[in-house]
Amino acid sequence: MVELYPSLAQCAIVAAAFKVLLFPAYKSTDFEVHRNWLAITHSLPIQEWYYEKSSEWTLDYPPFFAAFEWIMSQAAAYVDPAMLVVKNLGYDSWQTVYFQRTTVILTELVLVFALSRFVKSVPLPNKNAAHVASLSILLSPGLFIIDHIHFQYNGFMYGLLILSIVLARKQSTLLYSGILFAVLLCMKHIYLYLALAYFVYLLRTYCLDAKSVFRPRFGNIIKLGFCVVGVFAIAFGPFAQWGQLLQLKDRLFPFSRGLCHAYWAPNIWAMYSFTDRALIPLAPRLGLPVNHEALTSVTRGLVGDTSFAILPEVTKEHTFILTFLFQLVPLIKVWRNPGCWDTFVGAITLCGYSSFLFGWHVHEKAILLIIIPFSLIALKDRRYFSAFRPLAVAGHVSLFPLLFTAAEFPLKTVYTVLWLVLFLFVFDQVAPVSERPRIFVFDRLSLLYLTVSIPLIVYCSLGHQLIFGWDRLEFLPLMFMSSYSALGVVGSWVGFMVVYFTA
Amino acid sequence: MANLAPSHRPRPRKKGRPATSPGSNNNLILDIGDGKQTPAFPLVSFLWAARAGVSQWLILPLILMAVGLFRWAVSLWGYSGFQVPPMHGDFEAQRHWMEITTHLPMAQWYTYDLQYWGLDYPPLTAYHSWLLGKIGSAFDPEWFALDASRGFEDPNLKVYMRATVVVSEYFVFIPAVVTFLRRYTRMQGVHAWSASIALAAVLLQPGNILVDHGHFQYNTVMLGLVVASLDAILAGRMLWACIFFVGALGFKQMALYYAPVMFAYLLGVCTFPRINIPRLFGIALITLASFALLLAPLLVGAANASTREVYASSPAPPLLQTLPIQVDKSSVLYALIFQLTQIVHRVFPFARGLFEDKVANAWCAIHTFYKLTRFDATLLQRASLGATLASIIVPCAIIFRHPRASLLLPALSAVAWGFFLFSFQVHEKSVLLPLLPMTLLLAGDGGLSKELRAWVGWANILGSWTMYPLLKRDELRIPYFVLTLLWAYLLGLPPTSFETYRSRLPRETGAAQFEPSTLTTLLHFSFYLVMIAWHVLEAFVAPPPGKPDLWVVLNALVGAGGFGIAYLWCMWKLLTQCRKIDLQAIGEDSQKKKQ
């Protein structure tokens, strides 16, 4: 057993100390969302959980997450009972803040545990790399910004995801991996985006014979089917009994939202909208028809139905078909390589990519869906790493608009720059040389991309204000950031596709 | 350490350590058998990957960013005087100075409405406030509007003020500490890796962060100028040392705690080994010139006609009244003397009592058992002066006789402890002054050994502990616990770990001298126990009726005892180091004679 320093526990302790210091930091409406859920689950009977709407932040996570809130509310009752009153909208006494922030830090221990299992599961020669990767996840600026300032429970949830991925490594624990993923789906349905990869992998590796697709292993099929159906039955059964399933569906999948989220997530649709906007002044010269309704649209396609002035309209169906298609492509390889864990994790990553890039109303926070599984295999060799690099920069930089208050500005930038400098350097040292030749162009492009980030961040954070003042053209830095990030995410996606299929 | 061992013992081969590294890395890497190595304390493991030598261009920015994050995180918390009208606290005082310096002519800086946080820091602070006030007014003039902005509490103003502390620290304290440590570790033959670890430990010192970024002050600017002065001494640039030290004095009069040592050292350098008159002359001249430069803008500001009229009609400062000379009230000279005496009067408030509040020094401790108020104020002042002089005379004499750069740190800490314990008008925050040179000892040879770490760590933790009543008032309880415990954890100290006090080496290897003795262990453990017990008492037990300050007084008493011990330890450290140097000198002499 090799000891690696600093250990996960040591990093977790220092990181926890830092996170406690962030108690008074800015918190988004998600804080109130979760407080409201604590109140709903604590003070109302289960039948009313999904009907309660005193607050605009209704319960829109699946039942297990509601149960998780209920468990926490039992402790909250001892801290400050007032936070458990449904009518106390916007209640944020210091006890409430300390309590909720503490639960985020404590539940993140699940992530620490999952990462330690991950390092244990890796064979000895790659242990060092796995340790570095797990430290990078533990200290991820994404989790730092989203969980500990903005406020969510991603650390806990990604802990479960990583645990499930680690359990998928061995044939003997595959069943538990499937069960755990089913539980995770019943906590937060965003993981549905990854479900296809799990389905194909479990089907091929667990339910069918490794040598022949035509020899099903009935014992395994029954076991897995029983367990997964059981998990869903526990979660949704009671609500089915009360005839509330349709209500749950409406709450969990609110399709009335627009194509792009208020802050453009750096995906294909952001680039599409950007192109559309850029074409408006050119349209008359190119002789393109302009949709004048879109020009006058108040929301400019941010909320509600998106309307494009020149480019064709995008519907939900289009996004679904695109997402599905691009998810299927990597799954072919999973199907052909039964039991190959690296391929499986690669497929999860690519499923994350396609849902992030093509999905409907994607939130920029969903970038973690790509970064975290990718981190697990980013150090496989240098080719993987060179695809990961632009993603690490773009993905984290794209989270910056989540925190817009002056006091948090140094926190998010310095923390992210610290993380990028440290881990990109260490990854570079640790990643083994690939067996296959590298693709020269990708390498150089990614280096160029990285270099551009420095002047861009400086411009967006300081330069713009110095040149144009505080309130002129303030959309410009945001647009630059978004386009830059989108370029990085798409570039790393293309790069990773190539690596994935040539590996 | 290993090279001190008897020659027949084979020296254990260490992998991954450059051949040039001195023995002091042995303090950081523990052999646990089978050729396996572990870091001696958590801070080492955070820099574990760098032990084979990673570029300073990488390590340094990473350390600076990490410690900066902790500073900024603390600054999110409360500050002194938040929502406490009518006077608020140190935050308001600093903001108010930015307000008056940017709006009033220099002649009025030290005279304007003295009842409301009148400027009582030396000129460099005034100029610093002026600069920050000008920059801040560019963001929002409302923050520093004259009179209208009193007690202004806007979140943006808080961010700006907090940022000024961080930026000032990164412009002064941090470059000074980085260059000082680089020079000092090279001089002491300490490996670059150990130096980085010591740097991280020094920059995470809980007291500095809590007072400057929590409570709100600019101590690190003054401390940084002192460190810059020390750095200049190490580099042999005595004149720069004078300039920086005058800067420190001109920023905050508290730097006087260090002045006797600096004076003794500079005088010693001019006297031993042979008397060097030109150097003495140069030092005196440059010191006077820097003081003149420091005061020049204020004096020029006082000399114009309108100011002269104002001064002539206003009551003279008490100091001027006692001067035996008579000057024509409308002359330029009168205005200059008026301004000068007013500054001195503001900066050195002799009229105040022996001590304010409860502070962990000798006077407050004695006062608890034997009320000092029964004595005349002048008698107390004399007693305080006498006691302070008595406590600093020995270290100053040593430094004068042996003006060696390596003796400066223990001498500075001993003298600063002397001042803290016995001088007049001590604040609990002044504990940062003796703590700084003591903490810098971590970078010296054997600085990260268990013995030194135990003592320096203990003094620092005790120091933050005595500031707890102050920090509690500012709603800084959680940052206090987090930062102090984090620092203790990183350096492997109680209450988080007892590793430092556990002997891992057989005594005969000669390494025993780097480990805390049984007496040290007992002493420190009893203090740690008392501190923990005090926190429990303070949190859960109400003080008896009629004695509402009992816990605070108890804190000050224990603190005074501990600081007395810290003073003695620094003295002992100074004496042993001095003796070592003497012995070395004798050895070299006899070798020369043999040749």
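This is a predicted model: local features need pLDDT of at least 70, side-chain atom pairs count only at pLDDT 80 or more; totals for chains, interfaces and linings use all residues.
The secondary structure of chain B comprises 24 helices and 2 strands; helices here are DSSP runs of H or I with at least four residues, strands are runs of E with at least two, and both are numbered from the N terminus. Chain B has a radius of gyration of 25 Å, close to the 25 Å that the globule rule gives for 595 residues, so it is as compact as a globular protein of that length. That radius is taken over C-alpha atoms, and the rule is 2.2 Å times the number of residues to the power 0.38.

Residues are numbered from 1 along each chain as its sequence is written, while chains are lettered from A and ligands numbered from 1 in the order in which they are written.

To continue with chain B, its C-alpha atoms fill a box of roughly 85 × 65 × 55 Å along the principal axes. Of its 595 residues, 47% count as buried, a term that requires 20 or more other C-beta atoms within 10 Å of the residue's own; 12 or fewer makes a residue exposed, anything in between partly exposed, and the C-beta atoms are placed from the backbone. Among contacts in chain B with a separation of 6 or more, 74% join residues 24 or more positions apart; a contact means C-beta atoms, placed from the backbone, within 7 Å. An automatic or database assignment supplies the domain bounds: domain 1 of chain B covers 56-72 + 164-292 + 353-594, and domain 2 covers 303-347.

Let me turn to one helix, H7 of chain B. How many of the 12 residues of H7(B) are buried? The count is 11 of 12, and the helix is mostly covered. The buried residues include B:Trp193, B:Ile197 and B:Leu203. Their cover includes helices H1 (42-46), H2 (56-75), H6 (173-187) and H19 (432-440) of chain B. At 1.5 Å a residue, helix H7 (residues 192-203) should span 16 Å, and its end C-alpha atoms are 16 Å apart, which agrees; the expected span is 1.5 Å times one less than the number of residues.

Next, some backbone details. Most residues other than glycine have a negative phi, and most peptide bonds are trans. Another cis bond runs from B:Pro494 to B:Pro495, with omega near 5 degrees; B:Pro495 lies in the loop between H22 (477-490) and H23 (518-540) of chain B.

As for phi, A:Phe151 is not a glycine, yet its phi is positive, about 95 degrees. A:Phe151 belongs to helix H8 (residues 141-151) of chain A and is buried, with 22 other C-beta atoms within 10 Å.

Finally, the contact between the chains takes 26 residues from chain A and 26 residues from chain B. On the side of chain A that touches chain B, the elements giving two or more residues are helices H1 (8-21) and H21 (409-430) of chain A. The largest share, 9 residues, comes from H21(A).

Note on methods. Two residues are in contact if their C-beta atoms, placed from the backbone, lie within 7 Å.
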